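Trainee: Could you show me how to read a structure like this one, feature by feature?
Mentor: Gladly. Let's look at it together.

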Amino acid sequence: MGYESIPGWFSSEAADVYRDMVATCPGGGTICEVGVAFGRSLAFLAGEVLKSGKYIRVVAVDNWYKTSYEPPHDHTDTPPNGDAVALEAMREGGGSQWSAFLYLMRQHAPRELDIVHVMRGQSWEAAKAFGFVHGVFLDAAHDYESVSRDIAAWAPHVGHGGILAGDDHAPDFPGVQQACSEAFGPSGYTVRGRTWRRRCEDGRGGGGEWADASRHAYPVDTPEGESDEVQCRDVGVGLHPQRGLRHGASTGSIR
Ligand SMILES: C[S@@+](CC[C@H](N)C(=O)[O-])C[C@H]1O[C@@H](n2cnc3c(N)ncnc32)[C@H](O)[C@@H]1O
């Protein structure tokens, strides 16, 4: 039980960023994780929100396109601390990473899953659903073009005093380093371990305005494969008493 039972790439520096996001987030604010995979870091984030007792909307954004579990060395597919667990979850969940995510979260972090609002689709499309949010953690694709596109899509949504951050600012991901440096200038952000962060002093405010999630809601199962449609779901198991925490969401059938 707990986030540590879920395979993933989550570091202690990323955990510190999430703690800071939750600590500084005003009630009613929103924190988005972009790049969720099996849910390890998401479960940690949602756990911190539950502990805080604050009304914070947690949004999980991923396209969950992967339908096969590839051999090691593929950073996106192979969590270093849970190969066997991930493989079994992929099998149990019917072979897709989306099903494995649901399976693992329900098994190890059901309360956390309950307060999460899931958006399945391309990161930069999902960003359009938001007004201003307090925190965004970018951990989706790590190539230069994708990270640049993610920063361009999400940075304008991080309000004053909010935090924009991301993972894998390291020599093995030169695209992340280049994208950050170009977007913010070398002194426009800080790096600890592999995690980068920028405190946003511009923007309109750190609240949690939700532009219009219903525009993006498709109450149907997601077909596998690439699509620009973003699907919003509540996928929790109904344990949390404040189900209104997930307001703005649509419910859909769950595989
Ligand atoms: C490194 S993993 C996330 C790891 C996770 N945060 C953890 O700590 O375990 C990257 C994830 O980003 C997702 N992804 C990659 N490109 C994406 C895009 N353009 N839009 C949405 N999700 C994307 C992949 O499906 C994958 O699940």
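Mentor: A word on labels to begin with: helices and strands are DSSP runs, numbered from the N terminus. Also keep in mind that this is a predicted model. With those labels, W9 sits in the segment before α1 (12-24).

Trainee: Is W9 buried or exposed?
Mentor: The cut-off for buried is 20 or more other C-beta atoms within 10 Å of the residue's own. W9 has 21 such atoms within 10 Å, so it is buried.

Trainee: How many helices and strands are in the protein chain?
Mentor: The protein chain has eight helices and eight strands. Of its 255 residues, 46% count as buried. Among contacts with a separation of 6 or more, 80% join residues 24 or more positions apart.

Trainee: Which residues have the most contacts inside the largest nonpolar core?
Mentor: That core has 68 residues, and those with the most contacts inside it are A46, V58, A60, F101, V136 and W154. Take A46 as a case: leaving out residues up to four places away in sequence, A46 touches V58, A109, E112, I115 and V116.

Trainee: Now the ligand. Which residues come nearest to it?
Mentor: There are 21 residues around the ligand, and G8, G35, A37, S41 and S123 come nearest. The elements giving two or more residues to this shell are α2 (40-52) and β2 (57-62). By class, the shell holds nine nonpolar, eight polar and four charged residues.

Trainee: What should I look for in the backbone angles?
Mentor: The general idea is that most residues other than glycine have a negative phi. That makes positive values worth a look, and W64 is a case here: its phi is near 45°, a positive value in a residue other than glycine.

Trainee: Where does W64 lie?
Mentor: W64 is in the loop between β2 and α3 (83-92). W64 is buried, because 21 other C-beta atoms lie within 10 Å.

Trainee: What is the phi of D168?
Mentor: D168 is not a glycine, yet its phi is positive, about 65°. You will find D168 in the loop between β5 (158-166) and α8 (174-184).

Trainee: And is D168 buried or exposed?
Mentor: With 22 other C-beta atoms within 10 Å, D168 is buried.

How values were computed: Residues numbered from 1 in each chain as written. Predicted model: local features only at pLDDT ≥ 70, side-chain atom pairs only at ≥ 80, totals over all residues. Near = placed C-beta within 6 Å. Helix = DSSP H or I, 4+ residues; strand = E, 2+ residues; numbered from the N terminus. Nonpolar A, V, L, I, M, F, W, Y, C, P; charged D, E, K, R; others polar. Buried ≥ 20, exposed ≤ 12 C-beta atoms within 10 Å, placed from the backbone. Contact = placed C-beta atoms within 7 Å. Core = buried A, V, L, I, M, F, W, Y, C linked by C-beta atoms within 7 Å.
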